[in-house]
Amino acid sequence: MSTVIKTDGLTKRFSRVTALDRLTVEVESGVVGLVGANGAGKSTLIKILLGLSPATEGTGQVLGLDIATQGPAIRERVGYMPEHDCLPPDVSATEFVVHMARMSGLPAAAARERTADTLRHVGLYEERYRPMGGYSTGMKQRVKLAQALVHDPRLVLLDEPTNGLDPVGRDEMLALIRRVHADFGISVLVTTHLLGELERTCDHLVVIDGGKLLRSSSTASFTSATQLLAVEVTDHPVDRDFDADAALTARLTAAGLNVRADGSRVLLVEIAGDGTYDTVRDAVDDLGLGLIRLEQRRHRVAEIFSTRSDEDQDEHERGDGAGYDAYRAAAAGGEQA
Amino acid sequence: MTTRPDVHSGVIHDIGYRPYTGPRLGRRYATRSLYVQSLRAAFGLGRSGKSKVLPFLLLGGMAAPSLAMLAIALFTQQREMPLDYVDYLASFSVLPQIFLAAQAPVLMSRDLRHHVVPLYFSRPATRGDYVAAKFAAMFSALMIVLALPLLLLFTGAMLAKFPVGDNLLHLLYGLVSAVLYALLYSAIGLLIAAATPRRGFGVAAIMGVLMITRALASITYALNGGFDPMRADSASWVFLICPSTLVESLVNQLFGLGLDNSATLHAPGAAGAAVFLAVLLALTAGGYALTLRRYRNV
């Protein structure tokens, strides 16, 4: 593992707003998620990392190169996929990516060869000879990814790569991003404001808000703070009015477990130990219900945000759930890691 | 079943990802690639068939009269061309202007409109390199349009056995004039084109600037007695405001062309020529600097 991105007290002030506020973060190779709401400073950070916009204060390194003085060297080794549309409609994907490869310094023959390879890897075949104006959003995103990868960079910065994609396209793009690291050996920094997709893709998450670092730690430490068990049961086979969920909740709570509902019909039970599985099974059996689902579930990254917004309120309402406190303690522990 | 499952007639191998270990040629090479791509784009090469029509029509329109003139000169056994090299560029000055208005937005506005500019800047070439490559491409494209007919004229003059020394000298005057046109036009055209992502606006704005200044110059020149039999040199100062008359009158004065002809535009005297040259260079440098500035915050 080597350090890919390192910033120290990075600050960017525009005339009126502070886009980044003393951001100190260190990122190892792998797939790293940069999470933050719109306007949190993600795009500003990327611009500074590319050496395109000078930081007001602080220093930073990308691939061991200083962002203030070695911008051109960084840009030769880094790929960038912007958030917005960047494809001229009257040019074919092949021509466009070849041109971009040459703009990265690849000789003409190598540029053509790498373009063919890269477009194949992102899943663009015959359509690559057609003008890009007629492409679907999914195809356009693939071309944008291809132009970021064509010069075989050591790090790619992907700005909202799943924007505008339908769920299937989104999953494909995420799988592709995973491959970029796993198969191609290229480190990835991917930004998004959608958390759900990152926890499946990233090894490490950096959360920023209002230009400040909220947290930087491995995805596992975000999500494995407490193990949950999702339980779903059938209605009572005979008694239609019997509230199965309520009865089960009562049973399990009586057995000393923490239970809460998650949407309709799914109960989340905190796992206290191996015995928890047996307790749930026996309770369901005792009530004469059918067990539809019994699966382990991890905490969602999204909960960081929901819990953070509750934080102030929570100072006054202690004890609204031991699980939450445990989670926060674990989260604090994760921050040290 | 006789076929064994492991026997295939052909296999497509997925060779997987191959890292690139070859040379990376860096910033200078990237800038040169952008220059070549932009120059090609100025003539519609590497783009759709439709986009080739106008630039080649203009190139043909610029060159065709020179061939016609040659044919007439040869046929009627004249001893010199009906139009001198410098005069030729002045007479057909509207064609390079249309070329500039149509193609400068192709170079600048398209990149802005389709947000390709940030992609360039995320690569080794810098903002300065980008503007330099685009300027060089526009300049070269205009030089092709302006110099091609001059070279055709010269070739024809040699074939017709016109005096070599005289023709060579006047070809040189013509080429200097072409360089000055191309410099000034590129600086103005690219600056305007870089201001708007809309190609149509760019075309209209460039054409407007060139046409309106030309009209203003002509009207003011006439009002100041430029067309009187005893014309005052001072009337010529107004040629400063229009790019095409600026170059035309400067070159004529500089090389002493058509000094006895009242229809030829001239800068007012030697001092005037110096001022005209200074203004031309200042406009070119200023346009270039402003274009650079335009890209500072993209």
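Modeller: Of the 337 residues of chain A, 39% count as buried; a residue is buried if 20 or more other C-beta atoms, placed from the backbone, lie within 10 Å of its own, exposed if 12 or fewer, and partly exposed in between. This is a predicted model, in which local features need pLDDT of at least 70 and side-chain atom pairs count only at pLDDT 80 or more, while totals for chains, interfaces and linings use all residues. Residues are numbered from 1 along each chain as its sequence is written, with chains lettered from A and ligands numbered from 1 in the order in which they are written.

Biologist: How many helices and strands are there in chain A?

Modeller: Helices (H or I, at least four residues) and strands (E, at least two) are DSSP runs, numbered from the N terminus. Counted in that way, chain A has 12 helices and 14 strands.

Biologist: What share of the contacts in chain A with a separation of 6 or more comes from residues 24 or more positions apart?

Modeller: Two residues are in contact if their C-beta atoms, placed from the backbone, lie within 7 Å. Among contacts in chain A with a separation of 6 or more, the share from residues 24 or more positions apart is 70%.

Biologist: Is helix 1 of chain A largely enclosed or open?

Modeller: The buried residues in helix 1 of chain A are K42(A), S43(A), T44(A), L45(A), I46(A), K47(A), I48(A) and L49(A). Just after this helix, G51(A) takes a positive phi of about 75°. Since 8 of the 8 residues of helix 1 (residues 42-49) are buried, the rest of the structure leaves this helix largely enclosed.

Biologist: At what angle do the axes of helix 3 and helix 5 of chain A cross?

Modeller: Axes are lines fitted to C-alpha atoms, for helices over the stretch in contact, and angles run from 0 to 180 degrees between N-to-C directions. The axes of helix 3 (residues 93-103) and helix 5 (residues 137-149) of chain A come within 9 Å, and the crossing angle is roughly 25°.

Biologist: Are those two helices roughly parallel or roughly antiparallel?

Modeller: Angles under 35 degrees count as roughly parallel, over 145 as roughly antiparallel, 65 to 115 as roughly perpendicular and the rest as oblique. By that rule, helix 3 of chain A and helix 5 of chain A are roughly parallel.

Biologist: Which residues of helix 5 of chain A make the contact with helix 3?

Modeller: From helix 3 of chain A come A93(A), F96(A), V97(A) and M100(A). By class, the contact has 6 nonpolar, 1 polar and no charged residues, where Ala, Val, Leu, Ile, Met, Phe, Trp, Tyr, Cys and Pro count as nonpolar, Asp, Glu, Lys and Arg as charged, and the others, Gly among them, as polar. The residues from helix 5 of chain A are V143(A), A146(A) and Q147(A).

Biologist: Which element of chain A gives the most to the side that touches chain B?

Modeller: The contact between the chains takes 31 residues from chain A and 31 residues from chain B. On the side of chain A, the elements giving two or more residues are helix 2 (71-77), helix 3 and helix 4 (108-121). By class, this side has 14 nonpolar, 7 polar and 10 charged residues. The element that gives the most, with 5 residues, is helix 3 of chain A.

Biologist: How far apart in space are M143(B) and A182(B), C-alpha to C-alpha?

Modeller: M143(B) lies in helix 7 (residues 127-159) of chain B and counts as partly exposed because it has 18 C-beta neighbours inside 10 Å. Not counting residues up to four places away in sequence, M143(B) touches A178(B) and A182(B). M143(B) and A182(B) are 39 residues apart in sequence, and their C-alpha distance is 6.1 Å.

Biologist: Is D152(A) buried or exposed?

Modeller: D152(A) lies in the loop between helix 5 and strand 7 (155-159) of chain A. Its phi is positive, about 50°, although it is not a glycine. With 24 C-beta neighbours inside 10 Å, D152(A) counts as buried.

Biologist: Is K161(B) buried or exposed?

Modeller: K161(B) lies in the loop between helix 7 and helix 8 of chain B. K161(B), not a glycine, has a positive phi of about 60°. Because it has 8 C-beta neighbours inside 10 Å, K161(B) counts as exposed.
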